[in-house]
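Visitor: Hi, I'm new to this one. Could you walk me through it?
Guide: Happy to. Let's bring it up and start with the charged side chains.

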Amino acid sequence: MKKILLTSILCASTIFAASDPSKTYNYEVTPFASGILTDSKAGLEKDNYFNAGISLAKNLDDSFIDQLEIAYMRSQSVGYEKTTGNTNINRTFLNAIKRFELTDRLAAYGLAGIGYQDVTQELDKHQDSAVFNYGIGLRYDIPYYGIALKGDVRHLIAVKENQNDIMYTLGLGMPLGKKYKDDQIMAKVPETVEEPPRKIFEEKEESLPIRSNDDDNDGVINNLDKCPNTSPGVKVNKDGCVDTMNLNINFDNNSAEIKSMYQNKLSQFANMLKDNKTMTAVIEAHTDSKGSDAYNQTLSDRRAISVVNALKSYGIESSRLRAIGYGETQPIATNETEEGKAQNRRVTALINQ
């Protein structure tokens, strides 16, 4: 049983390592400390002993389970009750985790899985055994730093001797990579574009520049065109799009959660797209200047994706929507006042036809 479980966990680890790096999967590493309230049948000297460990979780898209986690934990030099001897306890788990959003930053989660405990010095009813565990916890995503504070309580059940332990943990989740769906996030258009080189032809004392390509023939060159597939003959703005619509969606500070007051506006916008099947939309999101550039870029990405997901919930196909985050790079008001910052935390839509 021990070899089977360890082999299964190693195989899962290999699958993680073999994942295509071009995909935007997100991994989370969590070092943690914990205490274990042990079953009296274990015969240990202390009913509550220290434990530490680390876990690697992989976020899953389009799945009921949000994360698949490999966890390793160790208890060092735990004494026995009726002898001077002691033991080390190594536990390894493969867990499935389901997350339940409470607020934009706070979430509850449940976990369940199977593993194995290795008791280096077995004694009486304290033995090597397969172990089941399940539990519930809370996580808080800390603004600006990209890390999460996590705590949970778990029930550990050793198959041999039916040993029961309660474990309580406190850990720090640290992300690896970004988790964006391929059909939702696009590369940000450069803020400044170098003017293409010009070749001058002197003919009848006139100089004619050769312009960059304009594939949709809307008068806006490709490297400046935010809507590169405009229908022929349609009038466009300077961005190469049919129109720019301010969705009038503003966000709270450090938040990507869409308030209920904006659902009517989103519904109207979705209905317009439904009535015009050839239209597509580029959703652009922005932040104020509070926080680091990197944090604001990620926050704007999340805001754009939130709006895209909301429109998808109204029946708009994902192939008709793109999300772009610009961070704090395009303010429309001063960031020196709270009113100005609120205006800069916004979302607009570029319509393409």
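**A chat about charges, strands and cores**

Guide: Glu28, Arg99, Glu101, Arg139, Asp141 and Lys150 are linked in a network of salt bridges. Keep in mind that this is a predicted model.

Visitor: Which residue does Glu101 meet in a salt bridge?
Guide: Glu101 meets Arg99, side chain to side chain, at 2.9 Å from N to O.

Visitor: Is Glu101 buried or exposed?
Guide: Glu101 is exposed, because its relative accessibility is 52%, and over 50% counts as exposed. Arg99 has 27%, so it is partly exposed.

Visitor: And what about Asp141, where does that sit?
Guide: Asp141 lies in strand E6 (residues 129–142), while Arg99 is in strand E4, so this pair ties together parts that are 42 residues apart in sequence. Their side chains form a salt bridge at 3.0 Å, N to O. Asp141 counts as buried, at 16% relative accessibility.

Visitor: How many salt bridges does the count come to?
Guide: The count comes to 11 salt bridges. One of them joins Arg154 and Asp152, with the closest N and O atoms 2.9 Å apart. Arg154 is buried, at 6%, and Asp152 is buried at 6% too.

Visitor: New topic: how many strands close into the barrel?
Guide: There are 8, in the order E1-E2-E3-E4-E5-E6-E7-E8, with antiparallel pairing. On average, neighbouring strands of this sheet are turned by 25° against each other, direction ignored.

Visitor: Over how many bridges do E3 and E4 pair?
Guide: Strand E3 (residues 67–79) and strand E4 (residues 86–101) pair over 11 bridges.

Visitor: What about the largest nonpolar core, which residues touch the most other members?
Guide: Those are Leu247, Ile249, Phe269, Ile283, Val307, Leu311 and Val347, out of 25 residues in that core. Elements giving two or more residues include strand E11 (243–250) and helix H2 (263–275). Helix H3 gives the most, with 6 residues.

Visitor: Which residues does Ile249 touch?
Guide: Leaving out residues up to four places away in sequence, Ile249 touches Tyr262, Leu266, Val307, Arg345, Arg346 and Val347. There is also a second, separate core of 16 residues, including Ile36 and Met167.

Visitor: Last one: where is His286 found?
Guide: His286 is in the loop between strand E12 (280–285) and helix H3 (293–313). At 1% relative accessibility, His286 counts as buried. Beyond its neighbours within four places in sequence, the contacts of His286 include Ser300, Tyr326, Asn344 and Thr348.

Key:
Residues are numbered from 1 along each chain as its sequence is written. This is a predicted model: local features need pLDDT of at least 70, side-chain atom pairs count only at pLDDT 80 or more; totals for chains, interfaces and linings use all residues. Side-chain values use heavy atoms; hydrogens and water are left out. Two strands pair if DSSP finds at least two bridges between them. Helices (H or I, at least four residues) and strands (E, at least two) are DSSP runs, numbered from the N terminus. Axes are lines fitted to C-alpha atoms, for helices over the stretch in contact, and angles run from 0 to 180 degrees between N-to-C directions. Buried means under 20% relative accessible area, exposed over 50%, partly exposed in between (1.4 Å probe, protein chains only). Contact means heavy atoms within 4.5 Å. A nonpolar core is a set of buried Ala, Val, Leu, Ile, Met, Phe, Trp, Tyr and Cys residues joined through side-chain atoms within 4.5 Å. A salt bridge is a side-chain nitrogen of Lys or Arg within 4 Å of a carboxyl oxygen of Asp or Glu.
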